[in-house]
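Colleague: Hi! Could you walk me through this structure, one piece at a time?
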Amino acid sequence: MAFTVEQSAFSGPLGLLLELLEQKKLEITEVALASITEAYLDYLNSHEIPSDELADFLLIASRLIYLKSRALLPYLEAEAEEDAVSLEEQLRVYRLFADAADRLAAVYSGPLHSFRQPFSRIVKSTQEVQFSASQNVNTNSIHEAFTWILKRLQPFFALREVSMERVKSVEERLREMTSAIASRAKMGFRDVMAGAKSRAEVVVSFMALLELMRRRIVKASQTGDNDIEIVRL
Amino acid sequence: MSEIAAKIEALLLLSARPVSFHKLAGILGIKELEAREAIEELVHYRNVPTSGIHVIVGEGAVELGTNPAFAEVISSMTKEETASELTRPQLETLTIIAYRGPVTKNEVEYIRGVNCSLIIRNLLMRGLIVEREEEGKIESYFTVSTEMLRHLGIHSVAELPDYESLHKHAKINEMLEAAFQKDV
């Protein structure tokens with residue numbers, strides 16, 4: 001192992017990146033990030049990453065590899081899809097807070113502290129421990145609490161409806177395409193797409209086509225004019 | 001000091017724990033905005049070197065504490081539990097919530113680049129942060145608690161070092177906006 005990082009020296013994948021850059025005395029730049037890709041991957045290989053954080057560590061790894069590949073093949077840049085926020089930018093912002101955390105730690109363990117009045121005047125009951133619902137639990141408060149939960153869940157319900165619709169339309173599309181192909185021996189995917197109102201509908205149609213192929217109802221092949229020919233089996 | 005501010009002070013003394021602006025307004029039969037203004041007045045009156053009692057104002061809640069400057073002499077007679085050490089990930093998460101609060105879990109995770117569910121749960125259980133829920137939103141907002149502020153010996157988050165620049169940092173705002181617009 002080329003380097004060692006104390007478990008306490010960094011926290012999370014961005015912390016690890018900062019630590020690696022610091023060890024090589026590099027500034028936060030794309031080139032520098034690409035250059036530590038290997039060290040980062042070595043670290044992942046040689047250390048046990050907590051399972052709930054593994055996906056995040058791998059995500060950063062993929063972004064590093066992307067940066068590195070772009071450094072090696074600069075002419076591919078135009079076609080590449082950029083992240084909304086570059087890793088470089090994200091790391092800079094992270095560093096602001098990592099530095100602030102150091103300052104906060106100093107205050108946290110510092111001598112200044114404000115104390116509150118303790119609860120000592122409250123006489124504790126010496127009764128036997130038993131379940132007793134607190135006084136504010138009654139039919140009204142339970143009803144209110146549940147209404148509140150439902151209100152907060154509204155966006156979730158909205159989400160469900162949308163995804164249900166989509167599933168239904170794949171089914172529908174499947175039926176439509178099955179009956180369409182039943183009446184003629186073959187058709188083009190372009191005909192299927194013709195009635196589509198949105199990109200999502202085209203995707204749904206395509207998924208329906210894949211399903212028909214999987215069920216061996218049709219066979220599809222690409223034609224010279226960039227269409228897909230669908231033939232009944 | 002106005003009568004409302006004095007009444008709030010009395011209520012806070014008796015309660016000996018944080019009381020929400022909403023609750024104070026309810027007890028006093030005034031609007032929440034009026035309660036806020038009276039608390040502001042109480043802050044000006046109390047948070048001076050010559051006062052033994054200071055007012056700690058968090059997001060939507062307020063409590064009384066001793067003047068942080070007297071910590072040494074007070075600690076010789078109180079057994080208030082000393083806060084245990086924070087791990088580095090906990091400290092970072094707490095810092096982000098302190099400077100960026102009210103902030104969602106998603107935003108905290110974006111800044112740290114890693115899942116923070118367990119850490120946030122732990123900070124909540126230790127009473128260092130508080131969670132606020134809103135109607136029609138599944139996501140909750142997190143802020144540091146008045147207990148945390150007391151522990152830091154400050155009266156509000158605005159007293160954190162470099163608070164203004166980190167809280168309103170244009171670059172950070174831009175980044176979070178770009179990151180979360182993509183998902184919408």
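Colleague: Where is Pro102(B) placed?
Modeller: Pro102(B) sits in the loop between helix H5 (88–100) and strand E4 (103–104) of chain B. Helices (H or I, at least four residues) and strands (E, at least two) are DSSP runs, numbered from the N terminus. This is a predicted model, so local features need pLDDT of at least 70 and side-chain atom pairs count only at pLDDT 80 or more, while totals for chains, interfaces and linings use all residues. Residues are numbered from 1 along each chain as its sequence is written, and chains are lettered from A and ligands numbered from 1 in the order in which they are written.

Colleague: Thanks! Is the peptide bond from Gly101(B) to Pro102(B) cis or trans?
Modeller: That bond is cis, with omega near -5 degrees. Most peptide bonds are trans, and most residues other than glycine have a negative phi.

Colleague: Which residues other than glycine have a positive phi here?
Modeller: Arg216(A) is one of them, with phi near 55 degrees. Asp162(B) is another, with phi near 60 degrees.

Colleague: Where are those two found?
Modeller: Arg216(A) is in the loop between helix H9 (199–214) and strand E2 (218–222) of chain A. Asp162(B) is in the loop between helix H8 (146–152) and helix H9 (163–167) of chain B.

Colleague: And why does Arg216(A) count as exposed?
Modeller: Because it has 8 C-beta neighbours inside 10 Å. A residue is buried if 20 or more other C-beta atoms lie within 10 Å of its own, exposed if 12 or fewer, and partly exposed in between, with C-beta atoms placed from the backbone. Asp162(B) has 13 such neighbours, so it counts as partly exposed.

Colleague: New topic: what does Gly65(B) touch?
Modeller: Not counting residues up to four places away in sequence, Gly65(B) touches Ser114(A), Phe115(A), Arg116(A), His54(B), Ile56(B) and Arg150(B). Two residues are in contact if their C-beta atoms, placed from the backbone, lie within 7 Å. Gly65(B) and Arg150(B) are 85 residues apart in sequence, yet 7.0 Å apart in space, C-alpha to C-alpha.

Colleague: Is Gly65(B) buried or exposed?
Modeller: Gly65(B) counts as buried because it has 23 C-beta neighbours inside 10 Å. Its place is in strand E3 (residues 61–66) of chain B.

Colleague: How many residues of each chain are in contact with the other?
Modeller: 39 residues of chain A are in contact with 46 residues of chain B. On the chain A side, the largest share, 14 residues, comes from H5(A), which is helix H5 (87–108).

Colleague: How do the residues on that side of chain A divide by class?
Modeller: There are 23 nonpolar, eight polar and eight charged. Ala, Val, Leu, Ile, Met, Phe, Trp, Tyr, Cys and Pro count as nonpolar, Asp, Glu, Lys and Arg as charged, and the others, Gly among them, as polar.

Colleague: Last one: how many residues are in the largest nonpolar core?
Modeller: That core has 68 residues, where a nonpolar core is a set of buried Ala, Val, Leu, Ile, Met, Phe, Trp, Tyr and Cys residues joined through C-beta atoms within 7 Å. Those with the most contacts inside it include Leu17(A), Val62(B) and Ile129(B). H5(A) gives the largest share of this core, ten residues. A second, separate core of ten residues includes Met177(A) and Leu212(A).
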